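Reader: I would like to learn how to read side-chain contacts and backbone features in a model. Please take them one at a time.

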Amino acid sequence: IGGYNTQFIKKEEMPRIINDSKSKTVELFKKYKELTSKNKTELITFTFPIYPQLSNSENNDFHLEMKSNFSKFDLNFYNLQPCYEDEIKANHTKFQDYYWIIDGHHNAKGYEMMAKCLEEIVTPLIEKRLENQNTLVN
């Protein structure tokens, strides 16, 4: 309406705003990584698709760009979209079954799927950390 999108931003301003946001995000996570490294803690980052992103490659494109940027300072960045797609296919369900119709956020079933996908990423990392701790103790 009147040249504005649903966030009341003019269409021609979006590329600048998006690029500025991406740059600030990378800088913020670089600082997080420095802080967690200083405190000998591992930082895990991930993306998950919101409902509208499931029908296109936006989330995957964003993931690839951020993963490339984050790898410059040794920060792992995981994309949950492939896991979501696998879960939905394996359960013979639809993307819509995991999101609220009103706002596109996860519903209970969606958060359960997210937890399962995160578990696949986090469990090997925890096991590796425990193994390393046991090696130091023995």
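Reader: Which ring does the charged end of Lys-109 sit over?

Author: The model is predicted. To call a charge over a ring, one looks for NZ of Lys or CZ of Arg within 6 Å of the ring centre and within 35 degrees of the ring normal. In this model the ring is that of Tyr-98, and the charged end of Lys-109 lies 5.3 Å from its centre.

Reader: How many aromatic pairs does a search of the whole structure find?

Author: The search finds five aromatic pairs. One of them joins Phe-46 and Phe-48, with 6.3 Å from centre to centre and 40° between the planes, a tilted arrangement. Phe-46 is partly exposed at 30% relative accessibility, and Phe-48 is partly exposed at 31%.

Reader: What is the geometry of the pair formed by Phe-70 and Phe-77?

Author: Planes over 60 degrees apart count as edge-to-face. The planes of Phe-70 and Phe-77 stand at 75°, with the ring centres 4.9 Å apart, so this pair is edge-to-face. Phe-70 is buried, with 1% relative accessibility, and Phe-77 is buried too, with a relative accessible area of 8%.

Reader: Which residues do ring pairs link into a cluster?

Author: The cluster consists of Phe-29, Tyr-32, Phe-70, Phe-73 and Phe-77, linked by ring pairs.

Reader: Now salt bridges. What is the general idea, and how many salt bridges does the count come to?

Author: Side chains of opposite charge can pair when their charged atoms come close. The cut-off used for the count is a side-chain nitrogen of Lys or Arg within 4 Å of a carboxyl oxygen of Asp or Glu. By that rule there are three salt bridges.

Reader: How should I read the salt bridge between Lys-24 and Asp-20?

Author: Start with the distance: the closest N and O atoms of Lys-24 and Asp-20 are 3.2 Å apart. Then look at the positions in the chain. Both residues belong to helix α1, and because they are four residues apart there, about one helical turn separates them. Lys-24 is exposed at 54% relative accessibility, whereas Asp-20 is partly exposed at 34%.

Reader: Which residue does Lys-22 form a salt bridge with?

Author: The partner of Lys-22 is Glu-65, and their closest N and O atoms are 2.8 Å apart. Lys-22 lies in helix α1 and Glu-65 in helix α2, so the bridge ties together parts that are 43 residues apart in sequence. Glu-65 is partly exposed, with a relative accessible area of 33%. Lys-22 is listed with Val-26, Lys-33 and Thr-36 as the buried residues of α1.

Reader: Where in the chain are Glu-87 and Lys-116?

Author: These two side chains meet in a salt bridge with an N to O distance of 3.3 Å. The pair links distant parts of the chain, with Glu-87 in helix α3 (residues 81-90) and Lys-116 in helix α4 (residues 108-137), 29 residues apart. Glu-87 is buried at 13% relative accessibility, while Lys-116 is partly exposed at 41%.

Reader: How does the span of α1 compare with the expected value?

Author: The expected span is 1.5 Å times one less than the number of residues. Helix α1 has 25 residues and reaches 36 Å from its first C-alpha to its last, close to the 36 Å expected.

Reader: Where is Asp-74 found, and is it buried or exposed?

Author: Asp-74 is in the loop between α2 (58-71) and β2 (77-79). At 60% relative accessibility, Asp-74 counts as exposed. Its phi is near 60°, a positive value in a residue other than glycine.

Technical notes. Residues are numbered from 1 along each chain as its sequence is written. This is a predicted model: local features need pLDDT of at least 70, side-chain atom pairs count only at pLDDT 80 or more; totals for chains, interfaces and linings use all residues. Side-chain values use heavy atoms; hydrogens and water are left out. Rings of Phe, Tyr and Trp (its six-membered ring) pair if their centres lie within 6.5 Å; planes under 30 degrees apart count as stacked, over 60 as edge-to-face and the rest as tilted. Buried means under 20% relative accessible area, exposed over 50%, partly exposed in between (1.4 Å probe, protein chains only). Helices (H or I, at least four residues) and strands (E, at least two) are DSSP runs, numbered from the N terminus.
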